[in-house]
Each structure stands twice: as structure tokens, then as C-alpha cells.
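Please examine the sequence and the model before reading each solution.

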Amino acid sequence: MLLEPGFLSRLEQLALLSRRLYAGQQKGERRSTRRGASVEFADYRNYVPGDDLRRVDWNTFARLERLFLKLFVAEEELTVHLLLDTSRSMAFGDPTKLHYAQQVAAALGYIALTGFDRVTVTALGGSPPGAAGTPRTLPALRGRNQALRLFQFLDDLAPPEGLGNQGNTAPPQGLGGQGNTVPSRGWGGQDDSVPPQSWGGQGGPPTNLGRALHDYARTTRSTGLVIFLSDLLDAHCHAGLRALAARRFDVTLIHLLDRTEVNPQLVGDLRLVDCETGETREVSINQYLLGRYRRALAEYCGELTALCTRYGMNYIRTTTDVPFDELVLRTLRARGVLR
Amino acid sequence: MSAFNPLALLWLLVAVPAILLLYLLKRRRRDQVVSSVLLWQRLVQDVQADTPFQKLRRNLLLLLQLLLVLLLAAALARPFLRVRALGGKNMAILIDASASMRATDVPGSRFEEARRLALRMVDGMGRGDAALVILVAGQARALCPLTSDRNVLRRALERMRPTDTATNPREAILLAASLLAQRRDAQIFLLSDGAFAALDGAEGAGIPLGSARLRFVRIGHRGDNVGLTALDVRRSLGGTFDYQAFAQVRNFSEQRRRLTLELYREDSLIDARELTLSPGETHGEVFGIQGSASDLLRARLDVADDLAADNQAALVLQPRRQVNVLLVTAGNLFLEKALNVDPRVSLAKTAPGAAAATAAPRYDLVVLDGKAPERLPPRGRYLFIGTGGAAAPVAITGRTEHPSFLDWDRRHPVTRFLDLSSVQIARALVARPLPWGQALAQSEAGPLLVAGEKEGLRSLYIGFDLTESDLPLRVAFPILLANAIDWLMGSDAGTASLQARTGDVVPTEVPAGVRRLTVVHPDGSRHALAVEQSPLFFAATEQAGIYRFEGRRKEGPFTTRLAVNLLNEAESDIRPRDQVRLGSASIAAVDAHSQRVPREVWRWLALVGLGVMALEWFAYHRRL
């Protein structure tokens with residue numbers, strides 16, 4: 001169970017904020033870019049034959065003897081795109097970053113459903129059986145009664161199998177020792193002769209977050225609110241984020257990091273193995289190097305912040321040891337994502 | 001290059017395989033799966049430029065460690081280089097500063113050569129080596145304490161000056177041995193030409209060297225020298241000349257030498273003799289001279305040889321002086337005759353009694369035969385014969401029969417040249433010397449001859465009546481009397497000349513009333529002396545030549561001269577010796593230029609090892 005029932009009832013009082021107006025597909029409760037039926041006056045326009053006579057402003061006709069149509073703001077639904085990064089790196093941490101992302105996505109999705117918005121969930125980097133590399137998508141849901149389907153879908157998400165996959169959804173504790181126990185799958189550290197860049201058949205390709213985002217932005221029909229949950233540990237994610245911005249999505253980027261990624265508890269002579277690509281780096285870790293790591297991380301986050309500021313995205317960084325309900329109820333409200 | 005402890009290199013056999021084994025056993029890097037190496041990659045990129053260098057870097061540690069082990073093992077082996085030098089851990093540098101070292105057969109002089117050599121030894125001293133410098137002249141003088149400070153040693157060496165004295169190596173070696181006692185690896189270097197009286201026999205055997213090793217570093221390479229070995233003068237008893245001068249010349253060189261012996265009175269040449277001397281020949285010349293007291297007589301060899309110090313000698317003629325002697329006796333023919341024979345003596349005679357005591361202060365010498373007055377002036381010169389008295393150097397305790405001379409001091413001025421062995425004595429006094437008395441001849445019952453000297457008083461005691469012995473009939477008697485008068489009168493006795501040897505302590509008579517003297521040394525330097533007593537004991541006779549004493553008294557200025565000469569055959573014989581004898585052992589000369597001393601280099605190896613270790617540490621911690 002991703003969310004507690006008591007917590008769900010608290011979520012019902014919240015609503016997602018959109019900083020832009022989007023045209024929806026069905027009637028809803030959001031102001032749309034379209035003109036339609038509502039109580040809120042928007043504009044006048046000249047009458048053309050064929051217009052509904054009920055919408056003619058007769059008071060104006062009486063004064064000016066010309067026909068004008070009274071236009072009202074349409075209220076339509078908003079599409080909320082929940083994007084989850086399900087790459088293998090998300091399986092790290094205790095609790096795993098993926099679990100944390102699932103909880104946040106469930107909460108936000110529930111809020112959207114109760115607010116009569118359309119919710120789509122897409123797992124980027126996840127791979128359904130047999131279709132390696134393609135995103136898994138939950139078709140658009142609407143209405144509170146669809147919440148269970150949403151939760152079900154989120155619950156089933158798992159990072160792709162392959163290199164250094166530490167027991168699926170189980171929190172990968174004691175990561176270091178387990179790499180060698182995975183037999184015959186991926187690199188496992190047993191066969192050093194395979195160069196890291198030549199892909200074996202079994203493991204999934206590393207998540208190319210940038211490409212996945214780019215594809216998503218290009219293929220999605222309805223724009224709207226995008227909430228992207230990821231650890232963003234991908235060198236190409238900038239391009240993907242720019243593609244989202246180009247289609248005028250209202251993007252909220254929730255950057256999830258594990259405490260061990262912010263403050264690595266590593267020491268000694270190590271060979272670091274990338275859990276996605278299998279790339280290795282030999283390092284002798286000392287305080288000096290850890291200090292440089294922290295600086296590199298801060299620099300990386302600074303680049304992201306700059307990018308988001310430039311394209312009008314909402315950038316929220318958190319670590320998984322911040323309780324997720326605090327993130328939802330406090331941080332997201334403070335940052336104007338929720339009301 | 002060799003090593004003191006080559007076995008230490010065996011450590012390599014242990015340490016190198018150990019390091020290699022550790023490298024073989026070294027665990028590979030632990031694999032650590034991380035979510036992404038993206039960030040690590042960012043910070044590693046600039047450091048991890050290229051992999052081949054990275055691999056080399058890993059091997060670099062191994063190479064550095066092997067190098068370190070090699071250096072440490074090499075340091076433990078204590079390798080050394082043989083350096084061309086004389087030296088040791090603890091050295092005493094004995095520098096001969098005697099007259100023979102002024103020979104100019106080496107550039108500068110032998111003394112300068114010794115100084116250069118010693119400076120080189122000091123420069124070559126290793127860390128922790130210590131040395132001291134002793135100047136060997138008439139007396140040994142330590143110029144600096146045992147020190148590792150090379151500047152102190154250099155200053156001491158640069159300060160020292162040569163002298164014209166004889167060499168006293170025994171005292172210097174003793175001093176060095178005592179200063180080096182308890183020191184490990186101690187060596188005494190005697191930098192000398194070996195031109196000194198041999199230290200064989202008892203004198204050399206008695207030198208305790210302790211653990212120190214004596215090495216003789218020979219200086220000089222030839223012995224081309226002709227020198228004056230004696231100059232003396234005596235008064236002529238008759239004839240046309242006032243004085244007779246005797247000069248002895250010796251050729252120490254290997255060739256025949258022709259030379260001129262010149263004799264000057266003050267600055268005028270009065271005689272010259274052409275001499276031809278074959279190698280090793282000694283030749284004496286006698287000159288008759290007219291002269292007066294206080295004249296300076298100077299002999300000079302006109303010859304070009306290596307040592308100039310012995311080509312001159314001088315003396316100051318002394319005036320003849322009367323000695324007024326009061327003989328207090330009841331009648332003693334032998335004594336009277338013997339005193340009258342001496343040309344210096346003008347004799348007065350008186351019977352024992354109170355009159356003798358009152359008359360005594362007017363005479364230079366009072367001879368008391370058999371009976372002495374109760375009271376005598378406390379200052380004066382007295383000869384007690386068969387009696388004691390107020391001024392005698394003994395206390396009479398009794399009488400004895402038939403004593404005989406057992407032993408006597410053969411070097412004391414009073415008893416030298418005497419043969420007292422068969423003197424028969426019927427009766428003698430038994431006496432105990434007073435603290436200021438010195439027994440000169442002993443019998444079974446006690447001293448028979450005692451000399452004593454204290455403030456203004458000189459007295460000699462003969463412990464038997466001359467008429468009760470056969471001494472007056474023996475040759476020894478006039479000699480004893482002449483010696484006694486000489487000694488009792490001191491320099492007043494009127495020796496014909498005044499001269500001293502370099503290094504001697506010379507008693508110089510100073511007229512009453514002179515409080516301060518200025519000494520003008522042969523080299524022209526002047527020193528002030530405070531006069532506290534007469535005679536003044538003057539010890540600064542290190543240079544040969546004429547010393548002038550200038551002072552002032554009521555009557556006017558006062559000047560006296562002192563001639564100081566080398567006149568030493570051992571010093572004039574400047575041939576460098578191949579060995580010196582020390583007791584029964586003989587120490588061969590070492591050539592200063594062929595000696596090599598080991599100089600340890602482990603400190604440098606250890607230092608480089610430290611550097612390699614720092615480099616290794618640096619390489620290890622910068623590695624990524």
C-alpha cells in the first residue's frame with residue numbers, strides 16, 4: 001500500500017496548481033484557453049450566421065442595433081502527466097528513490113483525480129517484458145474511482161532487470177557485496193574482458209533519460225502539467241527537459257537524491273561500478289576527494305537550477321530521508337505546486 | 001667504495017621479496033556498485049588523464065618502495081668513500097713550532113706547510129669528528145679544546161706563530177693523550193720534521209698513550225743547513241786580549257760547504273774566518289777580542305741555507321766583578337788558600353765574635369767556619385762550614401762519626417762536576433733541612449750539603465769541619481768552593497757573558513728603584529713588565545735575538561740587553577726524519593698526501609631514502 005487512508009483524506013483538500021492555461025478535451029473544472037459555457041464573461045465577437053442565437057447579447061443589440069455574441073471562459077479538464085524515472089539507479093537508497101517517487105506520484109495523482117483532472121503516468125526507463133527500452137504508460141485516468149488503478153500501476157513499477165539489480169524492489173542494503181552474487185546476468189564483475197561499452201544481450205540498455213523525455217514531449221497529444229520525478233543522474237537529461245519546455249508543458253521537476261549520494265559513506269580503494277552502464281572508475285577515496293565530490297554535486301545541481309530557471313520550470317530537490325508526506329504537504333505547497 | 005658492514009645488504013634478500021609478495025597478495029580494488037558514476041566521472045576526468053600513465057603510476061609505488069628498501073639497506077651497510085686526507089674521529093693535531101720548522105725547504109716554511117696540512121685536515125673533518133690543536137715548542141700549548149667546531153679550529157690554526165725554541169714533543173704527546181683519554185678512535189698527529197732529541201729510552205717509554213694512536217706526519221724534504229752550535233766567551237787571564245770567544249759551527253748538509261764566520265762587536269765587524277766544512281763536520285774557532293763590559297758580541301754565518309735561525313748567535317759581555325768575602329774563622333789554611341786562588345775574591349778575615357756579626361752586612365759573602373755568631377743580618381749570602389746558625393738552611397740535631405757521601409745532586413750548580421765518592425770524614429753534624437733548604441748531598445745520618453734560598457738570603461751549609469775530613473786535599477774542593485761562590489753570588493758572580501737559550505726562563509737583575517720595564521723583542525714589538533722582585537724571571541724567550549729591557553730609575557734611564565740564541569744541535573739538524581722513536585717503539589713517518597681516510601656516506605643515503613619515502617607518500621595520496 002503506497003499511501004495511508006488517513007493521508008488520502010488530507011490530500012483531498014489539496015489541488016494542483018497550473019501556472020498556464022491549457023485546452024482540455026472534456027469539460028472540467030479548470031479555466032481553459034477556449035471560450036465556452038461558464039459564468040465568467042470573457043469577450044464579445046461579431047455574430048456570423050449559424051451562431052447560437054441564445055448567446056447573442058440582446059442588450060447590446062437594443063442599443064446599437066448590431067448583433068454581438070457574448071463569449072464565456074470555458075472550464076475544462078487539465079492533463080497531469082506524472083513522469084517517473086524507473087532507471088536502475090532509482091533502485092538505490094533506503095527507502096529506494098523509486099519507492100519514494102512512487103509515493104509522491106501516488107499522492108499527486110490522487111490529488112489530480114479528486115480535482116477532476118486527467119492523469120497519465122509514464123515510467124521512463126522502465127521496460128515492460130519483451131519491449132526493452134520503451135516507456136510503460138498508464139492511459140489517461142479521470143475521476144476518483146480510478147485511484148485504485150493508479151495505485152496499482154505505480155505499485156507494479158520496477159526498474160529493468162540487469163546489471164547490479166539488487167533484488168528488484170527490495171531496498172538494496174549492503175550494495176557492495178551483492179554485485180558478485182548475481183550469477184551470469186550482466187557484468188557482475190566476473191568477466192572483466194568485456195569492455196563496458198559493448199552491450200551483452202541480457203541486460204537492458206541504460207536509461208537514456210534525455211531521449212525518453214524528448215520522445216514523450218514529441219508524441220504526447222495534450223499538453224499540461226508535467227511532474228517529473230527522477231534522480232537525474234543522466235548526462236543527457238538537459239536536452240529532454242528542454243524538449244518538454246519547448247512544448248509549453250508546465251514542468252515541475254522533483255529531483256530525488258539518496259542521502260548516500262549527497263554524502264557518500266565510501267572510503268578506501270574502490271572500483272566504482274555504474275549500476276546502469278557497468279562503467280567502472282577506480283578511485284582511492286579520501287576526505288579531499290569526498291570534498292571534491294560534494295562540490296561536483298553542488299555544481300551539477302546548480303546547472304539544473306539554472307536550466308529550470310531559464311525555461312520556467314519548478315525545480316525541487318529533496319533527499320529520500322525527508323518524509324514524503326512532508327514533501328507533499330509542505331514543500332510542494334510552499335513551492336506553489338499544490339494549493 | 002666499500003662498506004663497513006656489507007652483510008647488511010642481506011636485508012635486501014628479505015625485504016625485496018617481502019614487498020613483491022605484498023604486491024602479489026594485494027587485494028584487488030573492492031567493487032562498489034553506485035547509482036551512477038556520472039559525478040565521479042566529472043571529478044576524475046581531469047586527474048585521470050590517460051590510462052598508461054595511470055598504470056605506470058601504480059608501478060611507480062612499487063618502484064619507489066623497492067628503491068627505498070635498496071637505499072636503506074645500502075645505508076645499513078655503512079658504505080664509505082676513501083677520501084684523500086688525514087683524519088679520524090678524535091684527533092689531536094700537534095704542530096711542531098720549533099726553530100727547525102722555520103726551514104724554507106718547502107714553500108713558505110715547514111711551519112706554514114704544517115699549518116696548511118692541518119687546515120686541510122680540519123676541512124676534511126666529517127660530522128661528529130672532533131679535534132684539538134697543540135703547539136709543540138719549548139712547552140706544549142693547547143690552542144683550543146677538543147671541539148667539532150671547525151671555525152674554532154681554523155682560527156686557532158691561523159693564530160699560531162712559529163718560535164725559535166727547541167721541541168718538547170714528550171710534553172705535547174702527554175698533553176694530547178690526557179686530553180684524548182676516554183675517547184674512541186683517538187689519533188695523535190704529530191706534524192713535524194722529527195728534528196728533536198730522540199725520545200728513546202726511559203723518557204719515551206714513560207709516555208702513556210692510552211688508546212690513542214700516535215702518527216708522525218713528516219714535513220720537509222731536505223736538510224741543507226749549516227748552523228752555529230756553540231758560542232761562548234771567557235776572560236783571558238793574560239795576554240793581549242781581554243776576552244776569548246769560542247764559536248762552533250757544524251755542517252748538517254750532505255755537501256761540502258764553504259762559508260764565512262763573522263764576528264761583530266756591536267755593529268762593527270771585528271773578525272772573519274773562511275771555513276770549509278765537509279758533510280757532518282764540526283769545527284770550532286777561537287777568537288781573541290778586545291772589549292768592555294756590556295758590549296754585544298755577535299757571531300754570524302754568511303751562508304745561504306734552509307734555516308736562518310741558527311746562522312746567528314750573540315752574547316753580552318759582562319764586567320768582571322770583585323766579590324768581597326769575609327772569612328770568619330779561628331784559622332783555616334786550606335780555606336784561606338782556596339778562597340784566595342779565585343781571582344774574583346778579595347778576602348778579609350776576622351775571628352769569630354760579635355765584631356764579625358756587625359761587619360757582615362758590608363761584605364758580599366760571609367764564610368762562617370766552625371763557629372757562627374748568635375745573630376746575623378737576615379739578608380745576605382752565607383757559607384756555613386761545620387756549623388749552623390741563624391741564617392743556615394738547617395737545624396742541627398746532633399753529631400755523627402765517620403759518615404760518608406752516599407749520593408749527591410749532580411745537576412745542582414753547587415755540586416755539579418764534583419766527585420765526592422771517596423771523601424773521608426771523621427766527624428760531622430747531623431742536621432735536618434729547613435723547609436726552604438734543599439739537601440744536595442746525603443750521608444747515612446742525614447744531609448751533608450744543604451743549599452737554601454729565601455727573600456734576599458742565600459746560604460749554603462757544609463755539615464763537617466774541613467779539617468776533620470780529607471776534602472781539602474781533593475780536586476773536588478776548589479771546584480766546590482768556586483761553584484759555591486758562583487751560586488751564592490748568582491749572576492753577580494761575574495760570568496764573562498750573558499746569554500740564554502730560546503725557551504729558557506732567564507733571571508734578569510733589575511737595579512733597585514725600577515718599577516716598570518719595557519721589553520723590546522727581537523722583532524721590534526714592545527711589552528711592558530711590572531717589576532715585583534729582582535731578579536726578574538723573564539720567560540718570553542721564544543724568539544732568538546737580542547731583547548732589550550728599558551727602564552727608568554732616579555739616576556737616569558737604564559738599559560740592559562739579553563741575547564737569546566738557538567744553539568741547539570737537534571734543532572739545527574733539520575734533516576726530516578723517517579721515523580720517530582718513542583721508547584722502544586719507532587713510528588714511521590706517513591706521507592700526508594698519500595693517506596686516505598674512509599668517509600661514511602650513509603647519511604646521504606638515508607636522506608635520499610627520506611625523500612623517496614615522501615615521494616612515495618605523495619604519489620600514494622594523489623593517486624586516483
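**Exercise 1.** Identify the residues with the most contacts inside the largest nonpolar core.

*Solution.* The largest nonpolar core comprises 84 residues, and those with the most contacts inside it are Ile93(B), Leu94(B), Ile95(B), Ile134(B) and Leu191(B). A nonpolar core is here a set of buried Ala, Val, Leu, Ile, Met, Phe, Trp, Tyr and Cys residues joined through C-beta atoms within 7 Å. Buried means that 20 or more other C-beta atoms, placed from the backbone, lie within 10 Å of the residue's own. Next, take Ile95(B): leaving aside neighbours within four places in sequence, its contacts (C-beta atoms, placed from the backbone, within 7 Å) are Ala114(B), Ala118(B), Val133(B), Leu135(B), Val136(B), Met160(B) and Leu191(B). A second, separate core has 79 residues, including Leu11(A), Leu157(A), Val34(B) and Val37(B).

The model is predicted: local features need pLDDT of at least 70, side-chain atom pairs count only at pLDDT 80 or more, and totals for chains, interfaces and linings use all residues. Residues are numbered from 1 along each chain as its sequence is written, while chains are lettered from A and ligands numbered from 1 in the order in which they are written.

**Exercise 2.** Describe the contact from the side of chain B that touches chain A.

*Solution.* The contact takes 32 residues from chain A and 19 residues from chain B. On the chain B side, strand S2 (30-34) and helix H2 (38-45) each supply at least two residues; helices (H or I, at least four residues) and strands (E, at least two) are DSSP runs, numbered from the N terminus. H2(B) gives the largest share, 7 residues. Then consider S2(B): 5 bridges join this strand to strand S8 (residues 268-274) of chain A, and the two run parallel. Within this pairing, Gln32(B) is the bridge partner of Leu272(A).

**Exercise 3.** Determine the pairing in the open sheet of 3 strands in chain B.

*Solution.* The order is S9-S10-S13, and the pairing is antiparallel. The edge strands are S9 (226-235) and S13 (282-289) of chain B. Finally, 9 bridges join S9(B) to strand S10 (residues 243-251) of chain B, where Tyr243(B) is the bridge partner of Arg235(B).

Terms used
Two residues are in contact if their C-beta atoms, placed from the backbone, lie within 7 Å. Two strands pair if DSSP finds at least two bridges between them. A residue is buried if 20 or more other C-beta atoms lie within 10 Å of its own, exposed if 12 or fewer, and partly exposed in between; C-beta atoms are placed from the backbone.
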